[in-house]
Amino acid sequence: KSTTGLFHFPTSLTRICRAPWGLRLWEKLTLLSPGIAVTLVQMAGKKDYPALLSLDENELEEQFVKGHGPGGQATNKTSNCVVLKHIPSGIVVKCHQTRSVDQNRKLARKILQEKVDVFYNGENSPVHKEKQEAAKKKQERKKRAKETLEKKKLLKELWESSKKVH
C-alpha cells in the first residue's frame, strides 16, 4: 500500500513542494492554512543545503576567462569560464562545466557557497558531513570487496586441493 492511500485530500486542495530527504511521513505533510494541505516531495538528484552560509554579492569578485579542455574552438576561444573569488576568505572557484555563461555562474556560486561554508563551519558543515559519510561508505565497500575476494581465493584453493585428492 502506498503512503498516498493513507491521506485522502481533494486534489484541488493539495500542492506538491520539494523537501529534503530523510523527513518522516508526518513531517512531509504540513498544513499551510485550514483546508489546504501541502505534500512535500524530494526532487531526485538535487542536493539542498538550507543551512549553508549565504554569499553577499559585494564580497565576490567575478571574472570571465577563456575556456579550457576538450571541445576545440567552441570552448577554447569563448570567455565562458567563470572565476569567482570570495574576498574575505580568499577562496577562488573556477567553473567551466557547461558552454553557457549563466549556468557556469550559477554553478560557481553554488560551489563557492559550499566551500565557504566548509571554510567557516569546518566539521559542522553539512557539506563536510556528507563527504565524511561518503568516504566512510566507500571504505566499507572496499573492505567488503576485499573480504569477498579473499573468500573466493580460499574457495578456489579448497576446490583445487579437493581435485588433487580425487
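**View 1. Phe 64 has Val 82 in S5 as its bridge partner.** The model is predicted, so local features are shown at pLDDT of at least 70 and side-chain atom pairs at 80 or more, while totals for chains, interfaces and linings use all residues. Residues are numbered from 1 along each chain as its sequence is written, and side-chain values use heavy atoms, without hydrogens or water. S4 and S5 (residues 81-86) run antiparallel and are joined by 6 bridges. Strands (E, at least two residues) and helices (H or I, at least four) are DSSP runs, numbered from the N terminus.

**View 2. An open sheet is formed by 3 strands in the order S4-S5-S6.** The pairing is antiparallel; two strands pair if DSSP finds at least two bridges between them. S4 (60-65) and S6 (91-95) are at the edges with a single partner strand each, so one side of each has no neighbour in the sheet. From one strand to the next, the twist averages 15°.

**View 3. Helix H3 (residues 101-121) lies across S4, S5 and S6.** H3 runs at about 150° to S6. Such angles run from 0 to 180 degrees between N-to-C directions, with axes fitted to C-alpha atoms, for helices over the stretch in contact (heavy atoms within 4.5 Å).

**View 4. Tyr 120 lies in helix H3.** Tyr 120 is partly exposed, at a relative accessible area of 43%; partly exposed is the range between buried (under 20%) and exposed (over 50%), found with a 1.4 Å probe and protein chains only.
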